[in-house]
Every structure is written in C-alpha cells, then in structure tokens.
Amino acid sequence: MSKIVIIGAGIGGLIAAAELGKAGYEVSLYEKEKEDLLSYDWHDDVAPQIFKDLDLPLPDKEHYHPKSDWSFVIPKAKNILFVPIKGERDLSIHRRALSKYLVDKAKQYCSMFFDVKVDSLLIKDDKVQGVKVKGKNIKADLVIDSSGALSAFRASLPESSNIQQKPYPGDIFYAFRGFYERKDAKIEHKCKAYLKHLGEQGLSWSRHEIEGEVDILVGRIDKLDKKTLDNALNELKKDNPSMGDKLLHGGQICTIPVRYPLTKMVTDGYAAIGDAAFMTIPMLGSGIASSMFAGRLIAETIIKGGVEKQNLWNYQVRFMYKAGSRHMGVDALKRWLLRTPSEDLAFLFDKGIISQKEMEVSSSGGAVKLSFIDIFKKLVAGFPRIGLLLNLKKAVDRMQKAIVLGNDIPVEYDDKKIAVWQQKLWEFFHNQH
Ligand SMILES: Cc1cc2nc3c(=O)[nH]c(=O)nc-3n(C[C@H](O)[C@H](O)[C@H](O)COP(=O)(O)OP(=O)(O)OC[C@H]3O[C@@H](n4cnc5c(N)ncnc54)[C@H](O)[C@@H]3O)c2cc1C
C-alpha cells in the first residue's frame, strides 16, 4: 500500500487521513500546532447536509447551535436587506470541537504528530517525493497539502507542475475576528454583514448569537492594517451599541481565500486540499463543507485508482462538478460587486433589484439567475437607470459563463488540454471588462 504524508490538520486533510488510514494506507499527518490549540476558539457556520453526505454523525450537541438569519448592509443604501433562511438552517459549530472530533476519528487509523512543523517538500526530477521534518527526510508516494491558504509547499512546487504557486492580488482576505463583551442594548439585527464596509474592499460583520458576546469580524482584501481595523471597529461600535470594549477571546488576524479554486490541484506526488486549493465560497469565505467533501473525494479517488497524477485528476474533476465551478460563478459576481461603486449598489439594493433571493443564493455558493424576462419586467416598471441594469445583467451572465467554463474541465489528465482550460479561466478572471 502507498505511503501518504498529510501536511497540516486542516479539515480536508483530517477526513482524508481517516478514510485512507482505514483503507490500509500508511498515513502520517504532521501538524505544527499543539493538539489542544488546534483550529479556532470560536463557532463557524456549516451546512449540516455535509455530515449526511459523508455519513458522519454530528459532533455533540453542546458544540453547535442553529445559525441566525443574515441582514445585509451596503454603504449609502437606505435599506437593510434581511435574508430569512429557507430550507435547512446552517449550524454554527465550535471549530476546536469540530477539529477534535475529526482528529479523534483520524487517530484510530493513522499516525499523527502534533507540535511538529513540516519544513519543506522533498522534490527530485520535478516530482514530490516526500517531506523534510526537523531536518529528516520522510519519503512518501503522495503528499497531501492541507496547510492552508498561504501554503509554503504549494509555493515551492516546480514551474512544470503548472500549479499556481502564490495567490494573486485580490485572492486573500485578511480577517480580524474578536469576541467582545456584550452590553445591555437593543439588538435589531442578530447577524449583520456589512458588504464593502465603509466603502472598502471587503466586509465586516457583527453577530449576537452567543449569550454575553458580540462576534466581530473585519475582513479586507490583500491587507488589513491597524488604522483600517481600528477605524472599522469604531464604526461597528457606533452601529452596535451592544458591543463592549473588552475583548473576551479571539483577536487574531487570519487568512481566508476569496477566489475561485486552483485550476490545477494535483501533480506528481502532490495534491492540495481545502484552503491550500482555494476551496472556499468566494463571497463569505466558507470552506468547511467543501474541504470535508474534498477529503472524501480524494480518499475515494486514491482507493479506487492509486496516487498517480493521472488518477488524482479525477479528484479535481469531481470537485469542480460538485462545487468548484459554482464557486467560479460566485467569484465572477464578487468581482463585479467589488468593482461597482457603492452608490450603484445602494441603488440596486434600495430598488429591490438585488433582493433576498440573490443574496441568499450567492452567499451560499449558488448561481444567481436574472433572465431577460426579469430585466423586461424591471424596465416596464419604469426602472430609471437602464445602463446600470444592463451592467448587472452582464455580471449575472458572466456568473453563468464562469460556471460553464468551470464545468468544461478536461475529464482525462492531459497536460496540453489542462493548460488550455487554465488559460481560458485565467483570461476570464483576469482580463476584466
Ligand atoms: C475568521 C474566519 C472565519 C471563517 N468562517 C467560516 C465559516 O463560517 N464557515 C466555513 O465553512 N468556513 C469558514 N472559514 C473558512 C474555514 O476556516 C476554512 O475554509 C476551512 O477550515 C478549510 O481550511 P483548511 O483546514 O484547509 O486550512 P487551515 O484551517 O488553515 O488549516 C491548516 C492547518 O495546517 C497547519 N500547518 C500549516 N503549515 C504547517 C506546517 N509547515 N507544518 C505542519 N502543519 C502546518 C496549520 O497549523 C493548520 O492547522 C473561516 C475562516 C476564518 C479565518
């Protein structure tokens, strides 16, 4: 059986470790953090369907609660858009508890080393052959990179792999997350997401879901300096009289990918998963469910056909069909939102053109549809800014086109065909119109 090394106890890596270990592979997972400090000391949202899809029982009830509805705020808009959740509600799950739950499952079937940092990849003749840990070479038939958005390992891959080494500008969100003591004050919106908060590139949120705490996030694309953060915190305090001064926990700045998935995730001896493969939904940065799903996919793919890149490619193809191409669509829409002046967005919000339906669908990774009939109805209703409406229509069409392009992934591993597909996507996302 092949020997597999997993770098980082990321969510997808943990699922893959358990399933591959159970199937008899020799799996070793290295995590730089101490076991009791793994992951985050806060709750994040996950669609419960993923547990059903993976046939995993939910973690203990004490570790999660149902997610509240979002209210969306746009700078300069008069209205706040309340988006009641239809269908099954997401769960807010304690991250450290979720990681512990997955660690305990994986531990039964693989060797896990905490507080051990992987130094680098072993690369020979353009093929990844293992990892270097504490100066020692550890050989492996496959290295699964589950080390997060800024993976140093992906960045060290040979050019010939055609895997994007470093994120492009605009790809990474720097997010401060802090939990402040809650003061006694009226709360009108339990969960408020401030899109393009203060007209800046990014978003913030205030959430009142846990007794005694106000959950604050300030995220900005590419960098979050102290001045921007302090200013955003002040403004959030003004808008949320419930937010006290005392930071109870959290308080660090983390990274989240807010872009379409890597267009090549596998090469000889290497596969990326989770944030290392940019598997988050580009709008709000949710990546837990897709990482869990990818963990299942990579394990199934390996068990069925081995660790050669030609077979591993099936993992990427299946990920694209299931989630990746929709994420490409959301990315196209996100780029339009960021480019569009706040006044125009406010206008579209206030006129109800961007409505509950569009926000619900796009923030959860779905595809927004705006047909010619919708457009016609708005025109007949005397919509005064036809140019803006057509611009929005173009954005929605681009979203659909991104999904089609994503699904056009070559089904078989073929370097030339993959390079052509990658180039088409690169042009689509980076030659802006
Ligand atoms: C503030 C914030 C809020 C979020 N909210 C949500 C949400 O509500 N819903 C949702 O679905 N997603 C959310 N996400 C995103 C989610 O956390 C990730 O998409 C998901 O966990 C997948 O990331 P990952 O496990 O691949 O990587 P990571 O979580 O980054 O894990 C990587 C692991 O690799 C380890 N590592 C790194 N380098 C090395 C090395 N050299 N050697 C050994 N180990 C190494 C790290 O210590 C870490 O444990 C949020 C993220 C943040 C930061």
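Predicted model: local features only at pLDDT ≥ 70, side-chain atom pairs only at ≥ 80, totals over all residues.
**View 1. Two helices, H1 and H5, pack against each other.**
Start with helix H1 (residues 11–22) and helix H5 (residues 288–305), whose axes are 7 Å apart and meet at an angle of about 30 degrees. Because of that angle, H1 counts as roughly parallel to H5. The crossing of H1 past H5 is right-handed. Look for Ile11, Leu14 and Ile15 among the H1 residues that take part, and for Ile288, Met292 and Ile298 among those of H5. Sorted by class, this contact of H1 with H5 brings together 11 nonpolar, four polar and two charged residues.

**View 2. Three strands build an open sheet, in the order S3-S7-S4.**
The pairing in this sheet is antiparallel. Strand S3 (43–46) and strand S4 (64–66) are the edge strands, each pairing on one side only. On average, neighbouring strands are turned by 30 degrees against each other, direction ignored. Between S3 and strand S7 (residues 91–94) you can find four bridges, and His43 stands opposite His94 in S7. Helix H3 (residues 95–107) lies across S3 and S7, at about 75 degrees to S7.

**View 3. Domain 1 touches domain 2.**
Where the two domains meet, 11 residues of domain 1 are in contact with 10 residues of domain 2. The domain 1 side of this meeting place has five nonpolar, four polar and two charged residues.

Methods: Residues numbered from 1 in each chain as written. Axes fitted to C-alpha atoms, helices over the stretch in contact; angles between N-to-C directions. Parallel < 35°, antiparallel > 145°, perpendicular 65-115°, else oblique. Left-handed = near helix turned anticlockwise from the far one by under 90°. Contact = placed C-beta atoms within 7 Å. Nonpolar A, V, L, I, M, F, W, Y, C, P; charged D, E, K, R; others polar. Pairing = 2+ DSSP bridges.
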